[in-house]
Amino acid sequence: MNPAPEYPDYIIHFDRKFRGGYRLGVTRENRVEIIIGDRKNENQEFAEGLIRKHRRFVNRRLRLNEARGSREIPPEPDRRTALRKLTPIFEAITQEMGMPLWKLTVRRANTRWGSCSHHTRRIMLNLRAAQLPPELTRYLIVHELAHIHHRGHGPDFWTLVERFDPEYKRHRKILREEYGALL
Ligand SMILES: [Zn+2]
């Protein structure tokens, strides 16, 4: 017999914009928020089904909240400070990878460490990237520059990343598991 599953605290909202769909998130207060686009799914059974379906994601967010609570999270650096710290590293890596024309932008972002815009030839890094250990900053920059050649995360993409960061697998894991709370 299965023990009764345990559910975190959750709340259901109805929003007609989510016609036929739903969105599930976890707040910093450890509450699962579910937006549902179909009135007939606005019920406990549906919500708990979604929590079961996305259990791994929910647990991961809950663990991140725990990490946030137990560790002092430093305040975000300002743009100038972040640029001053990241620019020399960025420039060294663009030289190394043969992409000297690419420029760096830093900005505040809540959900991602970086992105790459072919249109403006710019790599965007999260302000928080300036607070990472140098090997993780390097991994991030290599990752974003590798997207210039390969848009997705296919085998060719990772081969290129590995050429400039042989320990990328470890770096990626640490970034996700230990620094995810900074985002
Ligand atoms: Zn990527």
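Ser 117 stands opposite Arg 122 in β6. The model is a predicted one: local features need pLDDT of at least 70, side-chain atom pairs count only at pLDDT 80 or more, and totals for chains, interfaces and linings use all residues. Residues are numbered from 1 along each chain as its sequence is written. Strands and helices are DSSP runs numbered from the N terminus, with at least two residues (E) for a strand and at least four (H or I) for a helix. Two strands pair if DSSP finds at least two bridges between them.

**The chain as a whole**

- The chain contains six helices and six strands, and their order along the sequence is β-β-β-α-α-α-β-β-β-α-α-α.
- The domain assignment gives domain 1 (10-70) and domain 2 (79-182); such bounds come from an automatic or database assignment.
- Between the C-alpha centres of domain 1 and domain 2 the distance is 30 Å.
- The C-alpha trace spans about 55 × 35 × 35 Å along its principal axes.
- Of the 183 residues in the chain, 22% are buried. A residue is buried if 20 or more other C-beta atoms lie within 10 Å of its own, exposed if 12 or fewer, and partly exposed in between, with C-beta atoms placed from the backbone.
- Among contacts with a separation of 6 or more, 49% are between residues 24 or more positions apart. Two residues are in contact if their C-beta atoms, placed from the backbone, lie within 7 Å.

**Strands β1, β2 and β3**

- Strand β1 (residues 10-14) pairs with β3 in the parallel sense over five bridges, and His 13 stands opposite Ile 35 in β3.
- Strand β2 (residues 22-26) runs antiparallel to β3, and five bridges join them. Glu 33 in β3 is the bridge partner of Gly 25.
- The hairpin of β2 and β3 has five residues between the strands, and Asn 30 there takes a positive phi near 65°.
- In a regular strand the side chains alternate between the two faces of the sheet.

- Three strands make an open sheet with mixed pairing, in the order β4-β6-β5. β4 (103-107) and β5 stand at the edges with a single partner strand each, so one side of each has no neighbour in the sheet.
- From one strand to the next the twist averages 20°.
- β4 and β6 run parallel and are joined by five bridges. Val 106 stands opposite Leu 125 in β6, and Lys 103 has Arg 122 in β6 as its bridge partner.
- β5 and β6 pair in the antiparallel sense over four bridges.

- Arg 121 lies in the loop between β5 (114-117) and β6 (122-126), a hairpin with four residues between the strands.
- The phi of Arg 121 is near 55°, a positive value in a residue other than glycine.
- Is Arg 121 buried or exposed? Arg 121 counts as exposed because 12 C-beta neighbours lie inside 10 Å.

**Helices on the sheet and on each other**

- Helix α3 (residues 79-96) lies across β4 and β6 and runs at about 150° to β4. Helix α4 (residues 134-149) packs on the sheet, touching β5 and β6, and its direction makes about 25° with that of β5.
- Axes are lines fitted to C-alpha atoms, for helices over the stretch in contact, and angles between N-to-C directions run from 0 to 180 degrees.
- Glu 96 is found in helix α3 and is partly exposed, with 15 other C-beta atoms within 10 Å.
- Glu 96 and Arg 84 are twelve residues apart in sequence and 20 Å apart in space, C-alpha to C-alpha.
- The axes of α4 and helix α6 (residues 168-179) come within 10 Å and cross at roughly 110°. α4 is therefore roughly perpendicular to α6, a term for angles of 65 to 115 degrees.
- Residues of α4 in this contact are Glu 135, Leu 136 and Tyr 139, and those of α6 are Tyr 168, His 171, Arg 172, Ile 174, Leu 175 and Tyr 179.
- Six of the residues in the contact of α4 with α6 are nonpolar, one is polar and two are charged. Here Ala, Val, Leu, Ile, Met, Phe, Trp, Tyr, Cys and Pro count as nonpolar, Asp, Glu, Lys and Arg as charged, and the others, Gly among them, as polar.

Terms used
Parallel < 35°, antiparallel > 145°, perpendicular 65-115°, else oblique.
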